[in-house]
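Start with the contact between the chains.

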Amino acid sequence: MYKKKECVAMLLAGGQGSRLYALTEKTAKPAVTFGGKYRIIDFPMSNCVNSGIYTVGVLTQYQPLVLNEYIGNGQPWDLDRMSGGVMVLPPYQGKNGADWYKGTANAIYQNLDFIRRYDPDYVLILSGDHIYKMDYNAMLQAHKSSGADCTIAVLEVPLSEASRFGIMVTDETGKITEFQEKPKNPTSTKASMGIYIFNAKVLEKYLIDDENTPGSSNDFGKNIIPNMLNDGMKMFTYPFDGYWKDVGTISSLWEANMELLGENPKFNVHDKNWRIFSRNYAAPPHYVGDKAFVSDSVISEGCEIYGTVEHSVLSSNVIVEKGAVVKDSVIMSGTVIKAGARVEYAIIDSNSEISEKANVGEPKEHAKGIAVVGSGLIVASNAKIASDAMINNDSIDGVTIIQK
Amino acid sequence: MSVAGIIFSNIHDNNIPELTRNRTMASVPFGCRYRLIDFTLSNMVNSNITNVSVITHYNYQSLMDHIGAGKDWDLARRSGGIKILPPFITAYANNVNSLYTTRLEALKNVNNSISKIPDDYVVLSDCDVICNVDLNDMIKNHIENDADLTIAVKKVKLNKEQAKINVLIDSDENGKIVDVKAYPTSFKGTADINLNIMVVSRKYLQEIVLDSIAHNYTSLTKDVILRNVKRKNYRIYRYDGYFACITSTQDYYKSSMELINDRSIRNQLFGIKDRPVYTKVRNSAPTYYSPDAKVKNSLIADGCEIYGEVENSILFRGTKIGKGTVVKNCILFQDTYTGENVTLNCVIADKNVVIRDNKHLSGDETLPFYLAKGKMI
């Protein structure tokens with residue numbers, strides 16, 4: 001028995017996030033840690049729940065173990081439901097063979113059966129690599145009242161940056177007249193956020209047509225949206241003016257973390273009316289020692305700080321020993337910064353160890369880039385890791401980088 | 001072999017009347033993010049005891065709110081799980097004596113539930129035992145020694161005042177209990193104190209309860225244990241990790257401060273591998289430190305926002321420390337809000353207290369200043 005749902009959300013979480021290098025070696029991008037206790041996927045999932053959408057399909061493909069385990073039965077997001085709830089949808093073997101998800105549109109196409117079970121009027125397409133808080137229900141209401149076949153959330157971007165995005169040209173009512181994918185000479189500043197609401201029947205038709213088109217890249221931005229526009233379907237933009245960040249690169253991930261800091265943080269996760277839910281691991285409260293110095297930082301549960309932490313974001317169970325300095329950095333859970341070590345302008349993945357007096361990265365002012373240390377590695381004592389180094393399992397040399 | 005748990009949630013309520021005015025002892029906040037019952041519940045869950053009954057008496061809304069369906073302790077189960085046993089009052093009987101005051105009376109009252117426990121053994125525990133104990137080892141010990149009843153004890157040095165509020169257990173060299181001294185008025189020295197955690201077979205527990213109903217016994221120590229101590233094999237189980245039991249508001253304050261000042265206590269409570277302490281998940285954001293924040297020697301939960309100075313203090317979830325505010329030697333419960341340029345010293349602020357700008361409050365280490373739930377200053 002499946003109850004009819006007005007709207008079903010499909011969350012594309014199969015991306016590899018190759019530009020996050022060491023951080024996505026064993027984890028899909030949506031499962032990358034962000035802002036201390038969160039994972040990127042917590043944001044779209046929490047948005048769904050806070051918007052009253054309780055049926056969410058999560059499409060996974062690349063390195064799904066951590067992501068699957070993290071989502072589990074959806075209990076942290078209140079998505080363990082009798083009807084609906086969260087459902088992980090990996091690629092599967094069918095009667096006519098097995099296919100990986102060839103593109104975003106193909107991923108949804110392969111799971112049309114999942115959508116049909118709930119007989120929804122609308123389908124919300126999301127991606128699992130953005131940090132933002134958004135009321136999808138407001139967008140759905142706008143979609144309904146405009147009578148559109150498809151509504152695309154857009155963000156105003158500076159004209160100079162518009163060429164990095166899919167750009168929507170609209171008339172004064174917000175109706176889309178033209179779509180430009182990463183245009184050289186953009187004529188609009190409305191950038192697509194990769195959030196779409198479709199009328200379910202229209203989406204189904206276009207997905208099936210697209211699947212039957214040889215040579216299609218099976219992608220929403222490249223195929224489905226342009227095809228619909230060519231056919232004269234009614235498509236509207238939905239303007240969004242809050243905080244939104246694509247965290248697809250090391251520098252944007254670092255930046256987004258830093259935007260939680262400062263006198264007036266750009267992004268507020270403390271809003272009790274729009275909580276961001278995440279899986280909790282029963283860590284004790286964090287302890288700040290007698291000689292510790294902590295300022296302009298975000299510290300999660302289970303941390304023990306005896307050294308200095310400035311302008312940094314620490315995930316749970318991070319230990320910063322006496323005399324250690326962490327500055328302008330993002331430290332993920334379970335990592336230990338030993339006495340006298342120095343970490344500046346760096347991202348250190350989970351369960352690593354920076355040994356005594358080791359140096360990772362350089363002061364931000366004269367660093368070449370962000371130093372990245374992957375998960376489960378030991379940086380030997382007195383070792384020095386260059387400012388733009390990317391340390392992963394391939395870097396293990398048994399001398400400066402040791403496997404844990 | 002399967003084991004059930006029974007927790008007494010209202011025991012010792014009158015030890016800390018301020019904190020238990022609106023709640024049970026079990027739901028008294030402790031250690032930044034916990035309620036006292038979390039320690040007992042976690043001990044049970046970490047020892048694979050997943051059929052737990054909580055006996056309540058009065059004021060138990062806050063406890064029910066905290067426990068919910070038991071999900072956060074992994075106790076939302078199809079079979080077993082957590083169950084709250086409210087006072088059993090019938091419409092017909094003379095109810096004068098139906099509100100129990102002792103453990104034995106409470107057990108008599110839930111006789112019906114006890115008789116339905118399917119497990120072979122039962123762990124009985126008070127709710128205010130702050131420790132991380134391996135109950136499996138205790139149960140193993142109980143079975144190996146063919147005991148009728150095993151009581152967890154800890155060897156401590158007591159002065160006269162401390163002895164007065166404890167139950168001392170004398171045992172022979174084999175661990176068999178020979179005598180029990182409840183609240184001795186003139187004892188001083190080293191003794192095994194009762195930690196109020198007991199293991200008993202379900203059969204024997206039922207026997208005790210039925211016997212007590214028949215003879216109208218009221219005290220587990222006096223009427224049951226002391227009466228049978230010579231004939232039965234009652235034994236001790238010695239636990240030597242950290243243990244605290246809250247006996248007064250000052251004691252509550254002292255135990256809280258110990259958590260900050262002694263790393264080994266934190267390790268004994270929270271640092272044992274595979275034995276985490278669970279509590280209700282609140283989905284607070286991680287704590288934010290502003291560029292001007294100054295924090296020293298403090299325990300801080302998630303969800304706090306710190307713009308001022310904090311020293312030797314415990315901040316529960318969602319506490320906000322305003323600009324220019326100095327908080328020293330304080331315990332601030334969930335969602336305490338302090339405005340700007342406030343100074344607080346030796347203050348215990350209950351949930352949702354609001355302290356407006358420029359207020360100065362101070363208590364003393366021996367008599368912390370207590371602000372009741374929801375007070376606004």
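Contact means heavy atoms within 4.5 Å. By that rule, 42 residues from chain B and 40 residues from chain A take part. This is a predicted model: local features need pLDDT of at least 70, side-chain atom pairs count only at pLDDT 80 or more, and totals for chains, interfaces and linings use all residues. Residues are numbered from 1 along each chain as its sequence is written, chains are lettered from A and ligands numbered from 1 in the order written, and side-chain values use heavy atoms, without hydrogens or water.

The size of an interface is often given as the accessible area lost when the parts come together. Here buried area is that loss, with a 1.4 Å probe, summed over both parts. Chain B and chain A bury about 3200 Å² between them, and carbon and sulfur atoms give 47% of this. On the side of chain B, Asn283(B), Pro286(B) and Tyr289(B) lose the most area to chain A, together 21% of what that side buries.

Six salt bridges cross the interface. Each needs a side-chain nitrogen of Lys or Arg within 4 Å of a carboxyl oxygen of Asp or Glu. Glu263(A) and Lys323(B) form a salt bridge at 3.4 Å, N to O.

His286(A) also reaches across. Its side chain makes a polar contact with the side chain of Tyr289(B) at 2.6 Å. A polar contact is a pair of N or O atoms within 3.5 Å; within protein, one must be able to donate a hydrogen and the other to accept it, and residues adjacent in sequence count only if both atoms are side-chain atoms. Is His286(A) buried or exposed? His286(A) is buried, at 0% relative accessible area. Buried means under 20%, exposed over 50%, and partly exposed in between (1.4 Å probe, protein chains only).

Now the rings. Rings of Phe, Tyr and Trp (its six-membered ring) pair if their centres lie within 6.5 Å; planes under 30 degrees apart count as stacked, over 60 as edge-to-face, the rest as tilted. The count over all chains is 23 aromatic pairs. Tyr243(A) and Phe267(A) are stacked, because their centres are 4.5 Å apart and their planes at 20°. Tyr243(A) is buried at 16% relative accessible area, and Phe267(A) is buried at 4%. Tyr204(B) and Tyr234(B) are tilted, with centres 6.4 Å apart and planes at 45°. Both of these tyrosines, Tyr204(B) and Tyr234(B), are buried.

Notes. Buried area is the accessible area (1.4 Å probe) that two parts lose on being put together, summed over both.
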